[in-house]
Structures are given as C-alpha cells and as structure tokens.
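Here are my notes on the model, point by point. Please read them with the structure open.

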Amino acid sequence: MCKYGFFIQKSLSEAKHCSFVFQGGEPTLAGLGFFERFVEQVALHKSEGHTITYAFQTNGLKLDTQWARFFKEHGFLVGVSFDGSPRLHDLHRYDAHKRGSGRSVAATIALLKAEGVQFNVLSVVTNELAQNIKQAYTYLVNHEVYYHQYIACMDPLDGDKNYLSPAVYAQFLKELFDLWFDSWQQGKPVSIRFFDNLVGMLLGYPPESCDMGGICSANYVVESNGNIYPCDFYCTDDQSLGTIVENSFAELDAKRSKLRFIEDSPNRTDVCATCQWRMLCRGGCKRYRSESGYKFCSSMQEFFPYAIQRLQMVAQAMRRS
C-alpha cells in the first residue's frame with residue numbers, strides 16, 4: 001500500500017473528524033491525479049460516522065479549470081498565496097522564469113471565483129506589504145475578495161534576515177484594522193482571520209487559529225517520504241516524530257511528549273504573565289519567539305489599546321445578532 005494509504009487508514013481509525021490539509025512546497029506539483037486518488041481512498045475507507053474536510057494551500061500558478069472543478073466537487077477550501085496586489089506580490093514572488101507571478105495568480109483567483117470554489121487569500125506580511133496595506137486591501141476588496149489572511153513573515157531559523165520589524169508590524173495592524181472596521185461599519189464586512197478570532201475570543205470562544213491559542217496543538221505533518229513532524233514550522237530532524245508506515249499515532253504522540261513540543265510551547269516570560277492583553281495575545285506563536293521573548297510583543301502592546309474598544313463594539317453587535 002502507498003504511504004498515503006497508510007496515513008488515511010490510520011487517521012480514520014483514530015478520529016471521526018479528519019481534516020486533510022495539503023501545503024508546501026507546492027502541492028499541485030504532485031499532479032491532479034494524486035489528489036483524485038487520495039479522495040477516492042478516503043471515500044473507500046471512511047464510514048458513515050466520519051466527517052472529512054479538505055484544505056489546500058497553493059501559489060496558484062498551476063491551477064486550471066480542471067483543478068477548480070475538482071476542488072468544487074470535493075468541497076476543498078483553497079488558500080491562494082497572493083501578497084495583496086500584483087505589484088506588491090511581484091516584489092518577492094517569482095515564477096520558474098524569475099518573472100513576477102502576480103498577474104498569473106490574480107487570474108487564478110478570478111478562475112476560482114468563476115467556478116464557485118471556496119477560497120481565501122493568504123498574504124505574507126513583509127515590511128513592503130505592511131507599508132502599502134491600503135493598496136493591497138483596496139485591490140482585494142475591489143476584486144470582490146472578502147476572505148483574507150495576513151501572516152507575519154518569519155525570519156529564517158538561523159536568524160540572519162529580518163523581513164518585518166515590530167514597529168512596522170504595529171503600524172500595519174492599526175491601518176489594516178481601520179480598513180476592516182470601516183468595511184464593517186459600512187455593512188460590507190471583510191473576513192480577516194486575526195480580527196475574526198479576536199472578536200470570537202471576546203465572545204468567549206477559543207481561537208480556531210493555532211498560533212493564537214497560547215499553546216501548540218496536536219498536529220501531524222506528513223512529508224512525501226512518510227516522515228512525520230509536529231508542526232509545519234518545525235520539519236527538522238531534531239523534531240521528527242517517526243514515520244506513518246512504522247509508527248502508530250500513540251507512538252507519535254509519545255515522541256511529541258518526550259520532545260515536550262506542546263508542554264514547553266506557552267510563553268511563560270514575566271512580561272507575559274502580568275500583561276493586561278495576555279488573554280488576547282497569549283504570548284504569540286513560539287516560532288516567532290527567541291530567548292529574548294516574543295518578537296511582536298511591542299506590536300501587540302501598541303495595537304490592542306488602539307483597537308480594543310472597536311473590537312468590543314463588533315463583539316457586542318455579534319452577541320446581539
């Protein structure tokens with residue numbers, strides 16, 4: 001049996017709800033046939049009690065009508081990596097010929113819309129995007145893209161580059177929040193994952209985004225060779241949990257516990273423990289932390305006082321409705 005067949009069988013035997021998420025590298029390089037066989041295997045092995053969801057993160061360069069119709073048929077939620085507008089996108093993202101890929105990705109977004117595929121746009125926030133967020137937001141909204149994710153660009157693990165400064169990120173969050181709140185007031189709401197989660201947290205719900213939970217969750221990242229890791233940000237040899245062919249989920253969980261991957265993930269610095277925003281910030285994702293603490297602590301200290309009253313206003317309106 002192929003490696004993903006083992007993974008499907010083991011997953012369905014462990015849980016009644018399974019989310020299969022395909023992401024980078026670039027998953028479309030596996031070919032549409034791979035994913036057609038994958039969903040066939042899931043359909044073959046699942047029982048009536050199973051709930052299956054699919055998500056797919058792509059750079060959008062290889063998608064065509066056939067891909068789009070496959071996503072639509074099987075209910076895939078597709079995330080398209082697109083940095084706000086073609087001009088901004090082209091600053092950091094190129095195709096195989098070293099040309100900016102922004103216009104190609106914009107055409108893919110139009111195709112997904114035309115075919116009725118559920119999708120959102122994921123933008124990586126660099127200093128350049130942060131300083132031009134009004135242009136990016138306006139472009140997306142003008143093209144009727146209303147589901148956005150913005151992820152702060154991560155520095156390399158070796159720490160030799162800094163793509164986003166805390167000061168610029170703070171200003172970005174405030175400007176983006178103003179745009180988001182104005183859209184809400186005008187009765188034309190835009191879903192921005194970070195702000196949506198904050199509103200939910202103010203209403204008493206747990207955040208659905210794992211980086212906002214304050215503690216890592218139990219995930220299983222399966223590489224193409226069958227190796228398993230606890231997080232797609234930590235697919236390194238020292239964090240390997242085992243393989244899908246050789247190890248049970250119980251063994252994988254035991255290795256995660258031995259590594260203390262989840263246990264040591266909360267931010268326990270003194271500054272965090274006494275911060276008035278700790279229940280909303282929760283110390284940030286540990287991938288953004290170092291020995292000196294959470295990289296964007298100062299960003300959050302600046303953002304929350306700026307936005308909290310309006311966040312509470314939205315939460316109260318949600319509660320009433």
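**Notes on the predicted model**

1. Exposed means over 50% relative accessible area, buried under 20%, and partly exposed in between, with a 1.4 Å probe and protein chains only. Helices (H or I, at least four residues) and strands (E, at least two) are DSSP runs, numbered from the N terminus.

2. A word on the basis. This is a predicted model, in which local features need pLDDT of at least 70 and side-chain atom pairs count only at pLDDT 80 or more, while totals for chains, interfaces and linings use all residues. Residues are numbered from 1 along each chain as its sequence is written, and side-chain values use heavy atoms, with hydrogens and water left out.

3. Now the other side of α2. Leu32, Phe35, Phe38, Val39 and Val42 are buried there. They cover an arc of only 120° around the axis, so they sit on the same side of α2. The arc is taken from the directions between the helix axis and the C-beta atoms. An α-helix has 3.6 residues a turn, so residues three or four places apart point the same way.

4. Strand β4 (residues 118-125) deserves a look. Six of its eight residues are buried, so β4 is largely enclosed by the rest of the structure. β4 pairs with strand β3 (residues 76-81) in the parallel sense, over five bridges. Two strands pair if DSSP finds at least two bridges between them. Leu77 stands opposite Gln118 of β4. Strand β5 (residues 147-152) also runs parallel to β4, joined by five bridges. Here Val124 has Ile151 of β5 as its bridge partner.

5. How do helices α8 and α9 pack? Helix α8 (residues 166-185) meets helix α9 (residues 193-202) at an angle of about 75°, with the axes 11 Å apart. That makes α8 roughly perpendicular to α9, a label for angles of 65 to 115 degrees. Axes are lines fitted to C-alpha atoms over the stretch in contact, and angles run from 0 to 180 degrees between N-to-C directions. From α8, the contact uses Leu173, Leu176, Phe177 and Trp180; from α9, Phe194, Phe195, Asp196 and Val199. Contact means heavy atoms within 4.5 Å.

6. There is also an open sheet of three strands. Its order is β7-β8-β9, with antiparallel pairing. The edge strands are β7 (221-222) and β9 (242-243), each pairing on one side only. Two bridges join β7 to β8 (residues 227-229). Val222 has Ile228 of β8 as its bridge partner.

7. Leu241 lies in the loop between β8 and β9. Leu241 is buried, at a relative accessible area of 4%. Beyond its neighbours within four places in sequence, Leu241 is in contact with Ile228, Tyr229, Pro230, Leu252, Lys255, Arg256 and Leu259.

8. Is Lys62 buried or partly exposed? Lys62 is partly exposed, with a relative accessible area of 49%. Its place is the loop between β2 (51-58) and α3 (65-74). Not counting residues up to four places away in sequence, Lys62 touches Thr28 and Trp67.

Notes. Angles under 35 degrees count as roughly parallel, over 145 as roughly antiparallel, 65 to 115 as roughly perpendicular and the rest as oblique.
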